[in-house]
Amino acid sequence: MPVEFLGIAATGDGSETAARTTAAFDRDYTLRLARAHEEHGWDRVLFAYGAGSPDPAPGAAYLAARLDKLQILLAHRPNVSYPTFAAKTFATLDQISDGRLTVHFITGGSDHEQQREGDFLTKDQRYARTREYIEIVKRIWTSREPFDHEGEYYRFHDFVSDVFPVQQPRPGVSFGGSSAAAYAAGGAEADIYCLWGEPLAQTAEQIERVRAAARAAGRTDSPRIQVAFRPIIAPTEELAWEKAYRTVDTIKAHKASGALVRRTAARPGETADAAWRPENAGSQRLIEIAEAGERYDRALWTPTAAATGGAGNSNALVGTPETVAQALLDYYDLGVDILSARGYDLLGDAIDFGRYVIPIVREEVAKRDAARVAATAAAEAAAGRDRPSALVQA
Ligand SMILES: Cc1cc2nc3c(=O)[nH]c(=O)nc-3n(C[C@H](O)[C@H](O)[C@H](O)COP(=O)(O)O)c2cc1C
């Protein structure tokens, strides 16, 4: 299977190491960053979702209309929309992009962040709602006949859409989360299951949880797996490690200055430190892994995750392009189909990673795939030699 690369579609500069110098939605920067991905070998970019951030759906339409190849992964939170409306938005975007849309359904890992936009369900309830929402969206994408829906969270009658996706039977459904409720919902509904980069052993364990959930849901296939990292590359190992330590010092200074946005604002009576403590299982796992060790496997480095309180995609892969590429290939060998990466200098790192790391990984994956095809053909030929021919049988 060819490997795919997912980058980031930011609408402004700024990261954990640098304050933003653009507007929150800067048209030129949005296009420049996405174009850098398209021109440097990336397959797709993620438009993330945050309560106060620019709406990613029109951002996706903007990029789709200006770029020809780059695919778009659009993050969407069910609480901000009704599924009939969202399904039409997605179908329209798939038309605008000529079939380049995948939707990443977000349940929400923080009560406080969800409540900012009026969502007061518990996390487990949110997962149940996400699952119902995805089922409805899939049905709307594929149903030519009006239908009624009577569910736990949604109820409507006689709906049929007049706009359908280019992709048939429908666009891909992407999903993330590392709690039991997440595996159950995503294992049942997702085409792509997204994980944050963890050591190989923990990643293998999560992949197994996803596959078991898919089986439990009665599926004969299982979601493709995506894993996300923060690569820190330089021409030599020594320079890469210097850069890594510099990066984490800058994150800490940035955080201490208050410039890094907190996951949840401290509530009355709560210490600022408590506001950094994540509620979502995925971030808790990252913190636990960081507390247990700084370095894992070939190049995984956890201080970047520790410094941000396990804020999403935050574990680094440190080394030369060759080392980082080999580390990524270890994940491919584990069953990962999509490699997601984002640097700390969004634009410069997208170019460097695309120029120096992606070609190595693609070449090695092509070799592995060719070897696999050759081995299968040889095994079939050997089995054929052992089998009596049709003539002899007759
Ligand atoms: C690759 C990936 C991307 C995500 N993108 C977003 C995002 O843009 N906005 C957001 O609020 N949550 C995002 N999430 C969070 C998840 O959708 C989910 O709400 C959270 O991880 C649930 O927590 P759990 O680990 O406790 O199940 C993302 C998760 C993953 C794995």
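Which element gives the most to the shell around the ligand? The legends below take up this and other close-up views. The model is predicted, so local features are taken only where pLDDT is at least 70 and side-chain atom pairs only at pLDDT 80 or more, while totals for chains, interfaces and linings use all residues. Residues are numbered from 1 along each chain as its sequence is written.

**View 1. The shell around the ligand.** Strand β8 gives the most to this shell, with three residues; helices (H or I, at least four residues) and strands (E, at least two) are DSSP runs, numbered from the N terminus. There are 19 residues around the ligand, and those that come nearest are A48, G109, G176, G177 and N280, where a residue counts as near if its C-beta atom, placed from the backbone, lies within 6 Å of the molecule. The elements that give two or more residues to the shell are β8 (192–196) and α9 (281–292). By class, the shell holds ten nonpolar residues, nine polar ones and no charged ones. In this sorting, Ala, Val, Leu, Ile, Met, Phe, Trp, Tyr, Cys and Pro count as nonpolar, Asp, Glu, Lys and Arg as charged, and the others, Gly among them, as polar.

View 2. Helix α6 covers residues 180–189, and A184 is found in it. A184 counts as buried because it has 21 C-beta neighbours inside 10 Å; a residue is buried if 20 or more other C-beta atoms lie within 10 Å of its own, exposed if 12 or fewer, and partly exposed in between, with C-beta atoms placed from the backbone. Helix α6 is mostly covered, since seven of its ten residues are buried, namely A182, Y183, A184, A185, G186, G187 and E189. These buried residues pack against α5 (123–142), β7 (172–176), β8 and α7 (200–216). From A184 to N79 the separation is 105 residues in sequence and 19 Å in space, C-alpha to C-alpha.

**View 3. Helix α6 against helix α7.** The axes of α6 and α7 are 7 Å apart, and the two helices pack at an angle of about 65°; axes are lines fitted to C-alpha atoms, for helices over the stretch in contact, and angles run from 0 to 180 degrees between N-to-C directions. Helix α6 passes α7 in a right-handed crossing, a crossing being right-handed if the near helix is turned clockwise from the far one by less than a right angle, and left-handed if anticlockwise. On α6 the contact is made by Y183, A184, G186, G187 and A188, and on α7 by R209, V210, A213, A214 and A216, where two residues are in contact if their C-beta atoms, placed from the backbone, lie within 7 Å. The residues of this contact divide into seven nonpolar, two polar and one charged.

**View 4. Helix α3 between two partners in contact.** The axes of α3 (residues 83–96) and α5 come within 9 Å and cross at roughly 50°, and therefore α3 is oblique to α5. Angles under 35 degrees count as roughly parallel, over 145 as roughly antiparallel, 65 to 115 as roughly perpendicular and the rest as oblique. The contact joins P83, T84, A86, A87, F90 and A91 of α3 to Y133, I136, V137, I140 and W141 of α5, and by class it has ten nonpolar residues, one polar and no charged. Helix α2 (residues 56–66) packs with α3 at an angle of about 15°, with the axes 9 Å apart, which means that α2 is roughly parallel to α3. Here the contact is made by A57, A60, A61, A64 and A65 of α2 and T89, L93 and I96 of α3.

**View 5. Residue Q95 in helix α3.** Q95 has its place in helix α3 and is partly exposed, because 15 other C-beta atoms lie within 10 Å. Leaving aside its neighbours within four places in sequence, Q95 is in contact with V163 and V166.

View 6. The peptide bond from Q168 to P169 is cis, with omega near 5°, and P169 sits in the loop between β6 (155–159) and β7. D98, in the loop between α3 and β4 (101–105), has a phi near 55°, a positive value in a residue other than glycine. D158 lies in strand β6 and has a positive phi of about 60° although it is not a glycine.
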